[in-house]
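Subject: Structure handover

Dear colleague,

I am passing a structure on to you, and below it I have set out what I found when going through it. Please read the notes with the model open beside them.

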Amino acid sequence: MYELYSGHIRPKTTCFSKHSSFSTLTQIHYLRGVNLTDEIHKRKTFAIISHPDAGKTTLTEKFLLFGGAIQTAGAVKSNKIKKAATSDFMEIEKQRGISVATSVMTFEYNGKLVNILDTPGHKDFAEDTYRTLTAVDSVILVIDCVKGVEEQTERLMEVCRMRNTPVIVFINKVDRDGRDPFDLLDELEQKLNIKVRPMSWPINGGRDFKGVYKLYDKSINFFEANKTKISKDVTRIDDLASDTLDELIGKQDADKLRQDVELIDGVFGDFNVEDYLKGEVAPVFFGSALNNFGVKELLEKFLEIAPFPLARNSSERLVNPEENKFSGFIFKIHANLDPRHRDRIAFLRVCSGKFERNKFFHHVRLNKDMKFASPFTFMADSKALLEDAFAGDVVGLYDTGNFKIGDTLTEGENFLFKGIPSFSPEIFKELINLDPMKSKQLEKGIEQLTDEGVAQLFRQEPGNRKYIGTVGELQFEVIQYRLENEYNAKCRFEPRAFFKACWMTGDKDAIAEFCKYRQKNIVKDKDENIVFLAETAWILNTAIQQNPKITFHTTSEFKV
Ligand code: G4P
């Protein structure tokens, strides 16, 4: 279906057309005009998330191998930013540019159309990942069995928990001497604030690793280090007490497995798909992405239980994916820093109806109708043109500055999709203009860059001070460079020791009173919301305690 082309993935030439990025089969369907429900029910749009190095790229690649989207291992370009380059953001942008080509990877497997949304590996781009998570219907979380739950994983899971996104956990690298699986499950529950339910169970680990017992169908998958083959021998064990088990894995391991399974059944209870879909329980698989072990089971179970595109909340009403009228929102904007190609790419997640090329759609915020002559998918080097797309799909739109993150497109109705919040930045700096003659350029530049989501802008009314908030230091370099090169404006940054940005809700008078006394810490975000910049955790806690009529939020949206 797909082939490797100049290091990128594209549909095989036999079915490659400038007008579709999908297989011939899918194309015919589209041409005949299909039932919207069928299209939606076959789509699974998700992200694989992990702390860098846990195995996200390797697992993505194995999924693509199963889906026939690539033919050889090593084809997926890792968007991991090489450690040596962390101080050179142009190098990072170059690498990010490569990853745009594989931002969304699509393949078909067992009649399902899978969209994997890639997320950046570098911590400084964490906000990109948070936003991508607003565009998916579920998530696979990869954990390194040696390292367990790492810091970045906790943050990412917080975002998933906010939206009750269903999560499947893949505990990777079981071929290594890892931690005790029960300890890992404990840690998952405690640090990620979610109940877990093992679906498979490792028999030993590291050098003695023998395979996994699949609890849901009582079969053993024997381990064999193999980086390319995708089929595995599976032995059914209807009765764990039978001697066959001892013969297969030896008495000692058989007894251990019996004990473990008894404990699992006792402690974790039955797996209920509904609980998973509500985001309350995360099923857990053990495997080794590198050795292609446990990946097929994970993929098949994922396709069986993961949600297809569901209804989404908007400012006016719940929008059902099966509605005939199209709607969608922008969750990411990628700017090309190459001066020869200054194009911006807006990533549109389709939420309902059918997106069509060259059809007029309504840009709600700008109250303007727009049509798109060259929407595309991200599969190929040459970016394949796309004729139409359905709920769950991601469409790339060339943008000349019309979009900002969170913008909604509809077929005329006025509503905005919710659930694309800003998160409190971690680093704050004040933007200082170095050339008063270029104030207008600086204003315009910082406005546009923050629309793209490079960083967050907070304005303080008396004095028109501008504070920039980011997740990582890199963004400041990016802003400085881009302001100078694209807007001809010069600036510098002065660090400001703020700890958190807090959006406030509650009693209006209490908020007004609070703002009066905390004037030097009160700013407005881009949407004119009042934000309190707290200097320390202690100051924030005191403010919370002293102002019971105000609720302080570290995200800009409180109900999704
Ligand atoms: P990431 O995208 O989450 O950052 O991780 P990635 O897939 O790049 O994997 C990180 C490292 O872990 C890679 O090794 C990869 O080969 C290895 N790895 C992934 N899955 C497994 C597994 O199941 N078992 C073992 N033992 N290793 C695994 P590397 O040396 O950093 O890169 P490479 O030279 O192998 O590409």
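In which helix do Lys191 and Glu187 both lie, and how many residues apart are they? Both belong to helix H7 (residues 181-192), where they sit 4 residues apart, about one turn of the helix; helices here are DSSP runs of H or I with at least four residues, strands are runs of E with at least two, and both are numbered from the N terminus. An α-helix has 3.6 residues a turn, so residues three or four places apart point the same way. The side chains of Lys191 and Glu187 meet in a salt bridge at 3.5 Å, N to O, a salt bridge being a side-chain nitrogen of Lys or Arg within 4 Å of a carboxyl oxygen of Asp or Glu. Lys191 is partly exposed, with a relative accessible area of 38%, whereas Glu187 is buried at 14%; buried means under 20% relative accessible area, exposed over 50%, and partly exposed in between, with a 1.4 Å probe and protein chains only.

Before going further, please keep in mind that this is a predicted model, in which local features need pLDDT of at least 70 and side-chain atom pairs count only at pLDDT 80 or more, while totals for chains, interfaces and linings use all residues. Residues are numbered from 1 along each chain as its sequence is written, and side-chain values use heavy atoms, with hydrogens and water left out.

As for the whole, the protein chain has 15 helices and 31 strands, and buried residues make up 56% of its 560 residues. Among contacts (heavy atoms within 4.5 Å) between residues at least 6 apart in sequence, 70% join residues at least 24 apart.

The largest nonpolar core has 79 residues, and those with the most contacts inside it are Leu188, Phe355 and Leu397; such a core is a set of buried Ala, Val, Leu, Ile, Met, Phe, Trp, Tyr and Cys residues joined through side-chain atoms within 4.5 Å. Its largest share, 6 residues, comes from strand S17 (residues 344-352), and the core draws at least three residues from each of domain 1 (42-305) and domain 2 (312-410), bounds that come from an automatic or database domain assignment. Leaving aside residues up to four places away in sequence, Leu188 touches Ile143, Val149, Val169, Ile171, Asn193, Ile194, Val196 and Val284. Another core, of 27 residues, lies apart from the largest one and includes Ile48, Tyr109, Val295 and Ile305.

Helix H3 (residues 56-66) is mostly covered, with 9 of its 11 residues buried, among them Leu59, Phe63 and Phe66. Just after H3, Gly68 takes a positive phi of about 75°.

Returning to charged pairs, a search of the whole structure finds 46 salt bridges. One of them joins the side chains of Arg155 and Glu426 (2.3 Å, N to O), and this pair links distant parts of the chain, 271 residues apart, with Arg155 in helix H6 (residues 151-162) and Glu426 in the loop between strand S23 (408-410) and strand S24 (427-433). Arg155, at 25% relative accessibility, counts as partly exposed, and Glu426 is partly exposed at 34%. Finally, Glu443, Glu447, Asp451, Arg459, Lys466 and Lys526 are linked in a network of salt bridges.

With best wishes
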